[in-house]
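Dear colleague,

I am handing over the structure we spoke about, which you will find just below. Please read the notes that come after it alongside the coordinates.

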Amino acid sequence: MILLLLFSLIMVPAIALAEPVIDSSVMQAQSTRTAPLTIEEVLARIELTHPLLRATGLERAQARAKVLKALGAWEPKVRNEVEFDRYQTFNLTNVSGAPNHLSSGYSDLFLKIGHPWGWEFFGGIRNVFGDHATLLGDDTLNPRRNVQSPAVAVPQDLQLFYPQQMAIVGGRLNLLRGFMVNDEFAAFQQAELAGPQAEVKVAQKRQDLYLAGAVQYWDWQVAVKQADVVKRALAVAEDRYRMVEGKAKAGAVAPIDAVEAREEVQRRREAAIAAQRKVEYEQYKLALFLWENGEPVTPRPEWAPEFHGDMPLPSEEDVAAFKVEATEDRPEVRDLYIEAKLNNIEIKLAKNSLLPKLTVEGGPAIGSIYWVGGVGYRMATLFSMPLFNRTARGKVLHAEAEQERLAYKQAYTERQVQIDVDNWLSAQVRARDRVKAATEALRLAKTLEEGERARFNMGATSVLFVNLRERAVVQAAYELYRAQADYVVSRGGMLWARGALAKPLADSVLAKYGDQLHSAGASGKKLIGRD
């Protein structure tokens, strides 16, 4: 027992230290807040602080990285090449009959520049070095022999600052395959489209988060309102139980009525506990859309506002304009346009690969033996073509099939977004009708409840019927709140169908809740001095 007590005392501080640390500033802001939580604030906090939106924004930085990587194919390159050769000049540079064992070499320093159209040029300086006999025609290593040859290692043209230094130029050009259309240029054009693709991904993530956050906000609001109804019904049942219990003790009513009243209290208490759990469940889910100082903020039930009574419907002209707007602004459609552009680049590249390969190139000869011997430059024309060209034809067929697939998908997606507008319009109309019907049903249920309660006070009915009438009121209130929530969800769904939720909120709105210049929705954008 002593050991068990000591172990418990040791473990108590460890358990206390393991408790989660909560930001005191966030907790203080929660406890002192009195203003209701609006849907505008929910969307603004998503735009300003949501981690998933910030993570998606990094697609922009990755898009710029792709462009930089593609530009590296033609980045100017400084190269230095050094070559040293040892050879015998039997009859190449002397006529004495005895071979000269000579050394020769050069060091080339040049700048190579490429172009997306498929050509490449370079220019630089060549510095010659080697045996003295190679340069001046005199064999200083063997004074008894005289080399009967001129200074063959001295360049005869493009000479620069001294005899053993010359300028070098050269390059290569694709005339058929690879001219203006080649793998590197295609990769660069596709990399340039990565920027618009990143913006589409950010818009898609923003749209999904906005809609999910709005739906969760209204679910939380419904849960809070329904919990209030259940709590009020519980309070009424408790008051009635105390009254009936007093009458039962006085003998005014049967004891079974007191049991009936008590059973109703327990039933409503269980419903109140379930409703409270529903509120907590919804508020924790909503907290994932409300971030402050890197931590989710759990909303309080008292922050839930009332539903608005205004329920307008768009006109036929508005619906037609919404469909046009959807086919232009929805991220799904915009992404297909970019995919079509990417595939068009693949088609051009595939068709270009059907052409023969014809390359013209020229420049200084590689190897000192050539220019020592008088051959200083090289010009060449290279031609090649596969006999059946199966690879190129396969690429063309694949790209054309992809183009046709995208055409079908685009036609379907454009029609789909228009159907989404009709669908959410239907949801909006039916939700409005349900609100009207539920409002009237709640009014009638309250009338019956009041009448039944009056009859009960006069002794003309029992507790059971009063409880049934009150349950009907609670259920009617449930249905009304759910219908009101479905209406506002349908309005948000219409904004989603139009593509309006893919656009960020106005800066004037964001400025009320945080710094819009460093918002999560702007993450990954190029900043001055960073890239």
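The notes below cover a strand, a loop residue and a pair of helices.

This is a predicted model, in which local features need pLDDT of at least 70 and side-chain atom pairs count only at pLDDT 80 or more, while totals for chains, interfaces and linings use all residues. Residues are numbered from 1 along each chain as its sequence is written, and side-chain values use heavy atoms, with hydrogens and water left out.

Strand β7 spans residues 357–364 (strands are DSSP runs of E of at least two residues, helices runs of H or I of at least four, both numbered from the N terminus). Because 6 of its 8 residues are buried, β7 is largely enclosed by the rest of the structure (buried means under 20% relative accessible area, exposed over 50% and partly exposed in between, with a 1.4 Å probe and protein chains only). β7 runs antiparallel to strand β4 (residues 165–174), with 4 bridges joining them, and L173 has V360 as its bridge partner in β7. β7 also pairs in the antiparallel sense with strand β8 (residues 377–384), over 8 bridges, where P364 stands opposite Y377 (pairing requires at least two DSSP bridges between two strands).

In the loop between β7 and α11 (368–372) lies I366, which counts as exposed at 65% relative accessibility. Leaving aside neighbours within four places in sequence, I366 is in contact with E83 and Y106 (contact means heavy atoms within 4.5 Å). I366 and Y106 are 260 residues apart in sequence, yet 9.9 Å apart in space, C-alpha to C-alpha.

In the helix pair, A326, T327, E328 and D329 of α9 meet P331, V333, R334 and Y337 of α10.

Best regards
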